[in-house]
Amino acid sequence: MDFVAPEPVNRTLALASIPLALAAAPIGAAEVKPLDLPAGRLSDAVAALAAQAGVSVSVAEGSVWAMRVAPLRGRMSAEDALRRLLRGSRARLVVIDGRSFRIVAARDVAAPPRRARPAPPPVVEGEEQPIIVTASKRDTRLRDFAGSVSILDGADLTFGGEQGMESVLARVASLSSTHLGAGRNKLFIRGIADSSFTGPTQATVGQYLGDMRLTYNAPDPDLRLYDIRSVEILEGPQGTLYGAGSLGGIIRIVRNPPRLGEYGGALSAGVSATAHGDPSGDLGGMLNLPVAGDRVALRAVAYGLREGGYIDDVWRGKKDINRTRIAGGRATLRIDAGDGWTVDVGGVYQDNHGRDSQYADRSLGGLKRSSRTPGGFDADYALGELVVAKAWDGLSFLSSTGLVRQDLDERYDASMDGVERQFSQRNRTRMFATENRLWRPARDGFGWVIGASYTHNRTDLDRSLGPAGAPAAVTGVSNRIRETTVYGEASVEPVRALTVTGGLRYTWSKLGGGADDPLPAFSAVVEAARAAIVATRNEKRLLPSASVSAALLPRLTVYARYQQGFRPGGLAIEGGFVRRFRNDHVATMETGLRYGVRGDDPFDLSLSLSYTDWQDIQADFIDSGGLPSTDNIGDGRIYSVSAAMGWAPLSGLIFDAATTYNNSRVTDPSTSLLIALAAVPVSDKTGAFTGGQSRIPNVARFTSRVGFDYRRPVSDALELRVNGWVRYIGKSRLGIGPILGDLQGDYLDTALTARVGRPDFGVSLGVTNLTDAIGNRFALGTPFQAAGGRQITPLRPRTIRIGLDKSF
């Protein structure tokens, strides 16, 4: 890549011009080529354009360089692409020659005449918008979107090293998680949290890779976020568009698609040193290869990570026992079938292996524990998908179909009274999902989407308990569901800048299941009752939604919405017997506002207030045999307040802050919850159903985050970037009842990362947990020794990473 010296500018307030050019044969700027430019900062889009079109672009002011732009895809010339990126902004394009351009602030334009010859008309996939929310399923403009949404840039998530979902958690105050290990965790949004274990309940957060559903009632696969364009988080419920399992919201990972007719690649590597523990290392790479001219291309990603352990087991005399290995990759073959049709065939695989559990004993100092048998886990995830898309003038169609295989093997130390025992649990999930939708992005005051989907999911939960190496099978359970849905949503703009939206989803579910290795039935009556419990049954649900948004000022949007969500019921195990639990249902009313755009405006603000009514809450508890089980614990309500702001006092410097407050309570407890709470000593209660024991589990009342991002040039070709943040996680309770009522949270997490380099090459230095705090992320390591508040999951101790990244 060539770098051309820019004209002098004020270096204290602006970045030096950073031209980007591809060292390739000259290509005419008016030549139409397939382009795929990412959303985010203008610098990222210009770097991609320089590589894909072989042009040189210089940017003479830092505030313009950091300006936010929308994604742009399609066949067009480089000049047309630049003009589209800058449309409606405070910057202008200056054409120097056929291969060279400059982007300057509007006040600096010297009015050179634009070339008279017209550029060929571009053929663009979909309708471009200043900022669009693709998770809306119809490319809704952020200005018109009624709801709380976070859009995270993929380059920011991997800045200083790839950490999977941890990178997202660090940046979104309303998102929380359990911390059992990679591939074992459950995610929660806006205080809608159910339980700590991987059981039969469907997840409260829907996770998607593009348009493909990742899970149904399995834990977060924690896919590594290499080569990701963005991550979108819509706070829930999102029942109309996403159906069951979106009570808290949805998380949508947007990949960088294959680039037709282009060669490209990227590589990143790092080594880390952890205080009190083993070293770590990570390596990841991407290749984009044309297969058949500019009609077929392959994009492949592969990675491997080793996370060193830092927990010592004093009973077994072992050090750093919780080492984790992660390896995986994904590939997508894109076919341009002509006439606007695109076909993507892809696959994803990731293997997570944890040698032992990552919990510690508070009484032994925070990074030690005493266990007689090893824990550990193996979490494997595989996905195969087929996506077919068609774009017409103002109309789009997409069909996505996929098969998922997810296996989770977990081992727990179940030793009691000096007797060594081990509890093993295997959760096997198989899912087939397909969805077809047709939509019209909002134009001329009207937009809509209609769709239909079918999901078949089967989960088998096998369990064993006994001596390590030779445990005996105990009762397990299988859950099967077939879910068919149709949905629709439409928006109208009755007056300028006012958007009214309504939607409806109808779901028909067929549920079944059974017991594995059940206790023997001692009478015909018991056997008949068991048969009735596991019999196939149907559930139907109608989910309406309504919202209104108004752009009161050019940068200010206010909104209000009402939406519902639900999860189907299922089968659970208690005391060796299988029984049913009912479906649960939420209804949320939310109002909020958004002002400005992060990275584009000197100040931005978002604020939301919501009330959620939650009926028949599904949650986990420990049964009489010491094993986890699931039941409906009653009805509850959640009040939530979320705020986020950004401030750019200087060119290249941005401060951000966010906070979330959740006030959750079980207002009408079920009989099973009353029985569990009756066993709690009075000294452990903070008032009858007014303190922590009646709060919905795993919901921190306060979560806050403060961060900054600073960029400045260190030479004509090199840029320094420094990013740091501090996050506070408030107190919450692990679960329901005397065993799972332990406190967790109430800790600070920190990180600081610096990078020096060009867009295509850089060196980074990062530090996490700067204060070397221990904290308590999750108050559970094994359910057989959970009582007493001694189990904690500490933060990874202070870790220093040195990394390299290269793209071409």
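Q: Where does Glu-410 sit?
A: Glu-410 lies in strand S27, residues 395-413. Helices (H or I, at least four residues) and strands (E, at least two) are DSSP runs, numbered from the N terminus. This is a predicted model, in which local features need pLDDT of at least 70 and side-chain atom pairs count only at pLDDT 80 or more, while totals for chains, interfaces and linings use all residues. Residues are numbered from 1 along each chain as its sequence is written, and side-chain values use heavy atoms, with hydrogens and water left out.

Q: Is Glu-410 buried or exposed?
A: Glu-410 is buried, at a relative accessible area of 2%. The term buried means under 20% relative accessible area, with exposed over 50% and partly exposed in between (1.4 Å probe, protein chains only).

Q: Which residues does Glu-410 touch beyond its sequence neighbours?
A: Setting aside residues up to four places away in sequence, Glu-410 touches Arg-184, Thr-198, Gly-376, Phe-377, Phe-423, Ser-424 and Gln-425; contact means heavy atoms within 4.5 Å. The C-alpha atoms of Glu-410 and Gly-375 are 7.3 Å apart, although 35 residues separate the two in sequence.

Q: Which side chain makes a polar contact with that of Glu-410?
A: The side chain of Tyr-412 does, at 3.2 Å. A polar contact is a pair of N or O atoms within 3.5 Å; within protein, one must be able to donate a hydrogen and the other to accept it, and residues adjacent in sequence count only if both atoms are side-chain atoms.

Q: How many bridges join S26 to S27?
A: S26, residues 377-392, runs antiparallel to S27, with 16 bridges between them; two strands pair if DSSP finds at least two bridges between them. Within this pairing, Leu-386 has Thr-401 of S27 as its bridge partner. The two strands form a hairpin with two residues between them, and Gly-394 in the turn has a positive phi of about 85°.

Q: And how does S27 pair with S28?
A: In the antiparallel sense, over 18 bridges, S28 being residues 422-443. Arg-411 stands opposite Ser-424 of S28.

Q: Turning to the largest nonpolar core, which residues touch the most other members?
A: Of its 32 residues, these are Val-168, Leu-175, Val-231, Ile-233, Ile-251 and Leu-383. A nonpolar core is a set of buried Ala, Val, Leu, Ile, Met, Phe, Trp, Tyr and Cys residues joined through side-chain atoms within 4.5 Å. Elements supplying at least two residues each to this core include H5 (165-169), S16 (228-235), S17 (249-255), S26 and S28.

Q: Which strand order does the open sheet of five strands have?
A: The order is S11-S16-S17-S14-S15, with mixed pairing. S11 (149-153) and S15 (212-213) stand at the edges, each with a single partner strand, so one side of each lacks a neighbour in the sheet. Seven bridges join the antiparallel S16 and S17, and Val-231 has Ile-253 of S17 as its bridge partner.

Q: Now H1: how many of its residues are buried?
A: Ten of the twelve residues of H1 are buried, among them Leu-42, Val-46 and Gln-52. Just after H1, Gly-54 takes a positive phi of about 70°.

Q: Finally, how many helices and strands are in the protein chain?
A: There are eight helices and 49 strands. Of the 808 residues in the protein chain, 58% are buried.
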